[in-house]
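The report below accompanies the sequence and the model. It moves from the chain as a whole to its sheets, and then to individual residues.

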Amino acid sequence: MNAGNLKFSLLTVFFCLSVWLSMAKSSPGIIICADGKNDIAAMLEANNYPYKTYADPLAAVQAAKKGSGILFLAGGYPAKKLSLPEQVWEIAARKKLRLYIEYPAVAKQLPVADSVLQTQLERGIITTSKMKGADSLDLIGIHNSSVIKAKSSQALLMVGKVAGFDVAQYGIADVKTYPLLFQHKYSLVATTKLSNSITGRFGPVDHLRPVWEHIFSWLDPSVQWQFKNWPLQVAPMFKTNEQLPANSTQQAMKKGVDWFYNGRFFVHPTWEALFLQRQGDGLDVAGPPLDLSLPVGDGSLGVLEGHLSRIQADGSQIYRYWMRADCNAEVAFALTTVKDPARQNNQVAANLLDYIFKHSNLRAGSRNDKSSVAYGLVGWSTTHPHVYYGDDNARVILGAMGAAAGLQDNRWNRYIAEAILANFRTTGKTGFRGPRLEDDKIVKQGLKALQEGQIINPHPHFEAWMWACYLWLYDKTGYKPLLDQAKKAIAITMEIYPDWKWTNGIQQERARMILPLAWLVRVEDTPQHRQWLATVADRLLQNLDASGAIREELGAAGAGQYGATKSNADYGKHEAPLIAKNGDEVADMLYTTNFAFFALNEAAAATNDKKYRDAVAKIADFLVRIQVQSKTHPDLDGAWFRAFDYKRWEYWASNADAGWGAWGTLTGWTQSWIVSTLAMKDQQKSLWEITKNSDIKQEALPAIQLMLKDPLPLKSSTNTPKS
């Protein structure tokens with residue numbers, strides 16, 4: 001044999017040996033024992049690992065090779081626990097099989113009880129440092145799961161209610177915990193259906209992946225298990241660096257509006273009774289998802305609030321059956337910004353406005369009695385019409401303004417003007433109203449006491465957008481007290497900055513403050529007013545990530561209404577931030593990014609400043625990318641969740657908020673302002689410009705005479721504000 005042939009033969013042998021070794025490593029003898037389709041099969045297929053499936057446990061152990069691994073997955077979960085025949089245990093012991101067993105029934109071979117913990121806020125906690133790629137105290141969201149109570153000193157995962165963003169920040173010593181995954185002889189035992197990781201939307205993936213790589217490495221140590229591909233049923237529309245299609249913004253807008261219909265959020269007469277039953281008195285509005293085969297309404301009975309941040313075992317989410325005034329007006333605005341021949345968006349928008357102002361109790365009763373202090377106010381919700389949050393009233397007004405302009409219909413002008421003036425006349429001398437007023441309180445106090453109040457409340461979340469409404473109506477009527485009150489309150493707030501009160505984070509306060517500052521530039525374009533705008537907007541934009549995400553930030557200690565969760569026991573008891581500490585890389589689409597996006601678009605239009613336009617473009621790109629896509633859950637497809645971890649590029653955050661947590665959706669606040677602003681950016685418009693030609697003055701001037709009983713000090717013709 002010559003040297004060339006020898007070299008060729010050796011290369012051939014080496015190649016064949018390499019292929020054989022590769023096949024040996026990629027051909028594990030893994031058996032899945034499951035009844036039907038399961039997430040483990042999907043996970044293995046996504047990463048090109050072969051496996052065998054058996055429905056019968058006895059057949060599975062009989063087919064298994066000595067020392068190999070079998071996964072016994074829980075069928076019929078959570079109603080049915082996994083039970084293995086005695087013969088299966090005997091064969092498994094004789095063959096020294098390695099077993100993964102989940103959600104097991106009581107058996108003499110396992111230290112498990114019969115009782116079950118129904119989790120809501122509890123999370124999985126990694127309690128070992130032996131998992132490659134994971135650390136002890138890393139958290140895993142298991143959402144609404146059923147967990148069998150067990151005892152074990154060899155737990156790899158525990159379950160308990162702990163505070164923290166992605167790590168149990170206060171440890172687990174003071175928490176009641178139960179094993180979630182533990183080793184017992186030749187078995188790894190999961191006390192819940194851990195194999196439900198994809199369907200149940202467990203996460204974050206970088207904490208979950210090491211768990212499953214560890215489980216499979218224990219089942220078959222001969223393979224270097226790597227689950228690089230993680231199939232998701234609910235995922236962002238685009239990856240962080242993916243090239244966006246030319247029509248991506250229009251697609252996001254359309255899907256954003258389609259979501260209202262596909263989720264059946266518009267109440268229909270055929271299931272109105274069901275909605276009312278689930279809404280109850282408005283104190284606990286959570287209920288099961290709607291049957292998506294039900295007909296969708298036309299807006300005449302209002303629009304539901306959205307989803308609660310609670311994910312069920314099948315990956316669906318609890319609905320919030322609540323009828324809020326602000327959501328109805330905001331959705332009406334969003335509908336008018338997106339033209340779709342297949343939808344009657346304009347008619348639905350008009351119906352929503354009629355519902356608020358004419359057909360529901362939101363403007364009925366004392367709110368429609370001209371002799372009442374509450375005349376003109378809009379109730380918080382149909383279950384609490386006697387409660388008036390200034391920020392919620394402001395969103396009703398702004399949404400109605402935008403919708404009326406989009407519909408080119410002035411029939412709601414009287415209600416819009418009266419709502420602004422109703423809030424204005426219940427404002428104190430300093431221009432502040434405080435966070436909340438109620439019928440009993442304002443009737444008892446009377447208008448004079450309210451108007452002479454000296455309240456100072458530098459809390460933009462509750463105050464700022466109403467000042468924007470005053471400035472807008474001043475521009476349309478020339479009624480100068482509106483300008484004076486807004487300027488007075490804004491000046492006090494800016495003098496105190498940065499020592500503001502904050503709600504769930506300081507970034508949301510900055511986001512809320514940008515709108516009145518931008519519109520103040522509209523009516524009085526002075527160096528000081530531009531500087532105020534720059535002070536707040538520039539500081540907010542210091543947290544603008546390259547991706548377009550706005551990082552959340554906690555404010556000064558002691559000034560937060562709902563600050564960082566202080567203990568494990570405090571987790572989930574009230575409203576809360578998405579982060580545990582400053583630096584956690586999370587954007588908030590309920591409180592910050594949504595409102596900042598809208599307000600920065602107004603600031604860009606008011607100042608023509610490139611830095612604001614560039615910021616709006618980056619945020620728009622981010623929001624288009626993180627919009628939800630899901631073929632499995634049509635009521636989520638096209639939505640935006642409250643939380644997004646932009647480092648992981650995943651829907652993840654602390655879920656400590658009692659009602660509006662990480663995976664919550666809102667037809668108003670979140671969805672509507674994102675859709676509306678995407679549309680306005682696409683059309684190179686702002687809300688100020690859209691409403692520039694409003695003829696509301698015809699309704700506002702008589703309303704001023706009726707509600708304020710003052711002469712009308714009009715603005716000077718030589719000081720016409722910039723439109």
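Predicted model: local features only at pLDDT ≥ 70, side-chain atom pairs only at ≥ 80, totals over all residues.

Residues are numbered from 1 along each chain as its sequence is written, and side-chain values use heavy atoms, with hydrogens and water left out.

## The chain as a whole

The secondary structure of the protein chain amounts to 21 helices and 20 strands. The chain is as compact as a globular protein of its length, because its radius of gyration of 29 Å is close to the 27 Å that the globule rule gives for 723 residues; here the radius is taken over C-alpha atoms, and the rule is 2.2 Å times the number of residues to the power 0.38. Along the principal axes, the C-alpha trace spans about 105 × 65 × 50 Å.

Of the 723 residues, 61% are buried, where buried means under 20% relative accessible area, exposed means over 50%, and partly exposed lies in between (1.4 Å probe, protein chains only). Among the contacts with a separation of 6 or more, 75% are made by residues 24 or more positions apart, a contact being heavy atoms within 4.5 Å. The protein chain exposes about 27900 Å², of which carbon and sulfur atoms supply 51%; the areas come from the Shrake-Rupley method with a 1.4 Å probe.

Nine strands make up an open sheet of mixed pairing, in the order β2-β1-β3-β4-β11-β10-β9-β6-β7. Its edge strands, each pairing on one side only, are β2 (52-54) and β7 (139-140). Within this sheet, strand β4 (residues 98-102) and strand β11 (residues 187-190) run parallel and are joined by four bridges, with Ser187 in β11 as the bridge partner of Leu99.

A further open sheet has three strands in the order β13-β15-β14, with antiparallel pairing; the edge strands here are β13 (286-287) and β14 (306-311), each of which pairs on one side only. β14 pairs with strand β15 (residues 317-320) over three antiparallel bridges, and β13 pairs with β15 over two, likewise antiparallel. At the level of residues, Ile311 has Gln317 in β15 as its bridge partner, while Arg320 in β15 is the bridge partner of Ala286 and also stands opposite Gly306. Five residues lie between the strands in the hairpin of β14 and β15, where Gly315 takes a positive phi near 90°.

## Two buried helix residues

Ile626 is found in helix α18 (residues 610-626) and counts as buried because its relative accessibility is 2%. When residues up to four places away in sequence are not counted, Ile626 touches Pro236, Met237, Met589, Trp640, Phe644, Trp649 and Tyr651. The C-alpha atoms of Ile626 and Phe238 are 6.6 Å apart, although 388 residues separate the two along the chain.

Ala394, in helix α10 (residues 390-407), counts as buried at 0% relative accessibility. Apart from its neighbours within four places in sequence, Ala394 is in contact with Trp465, Met466 and Cys469. The C-alpha atoms of Ala394 and Leu283, which are 111 residues apart along the chain, are separated by 23 Å.

## Backbone features in loops

| Residue or bond | Feature | Value |
|---|---|---|
| Tyr77 to Pro78 | cis peptide bond | omega near 0° |
| Gly203 to Pro204 | cis peptide bond | omega about -5° |
| His143 | positive phi, not a glycine | phi near 55° |

Pro78 is in the loop between β3 (69-72) and α4 (86-94), and Pro204 is in the loop between β11 and α5 (205-219). Leu137 is placed in the loop between β6 (123-126) and β7, and at 25% relative accessibility Leu137 counts as partly exposed. His143, by contrast, counts as buried at 6% relative accessibility; its place is in the loop between β7 and β8 (146-150).

Technical notes
Pairing = 2+ DSSP bridges.
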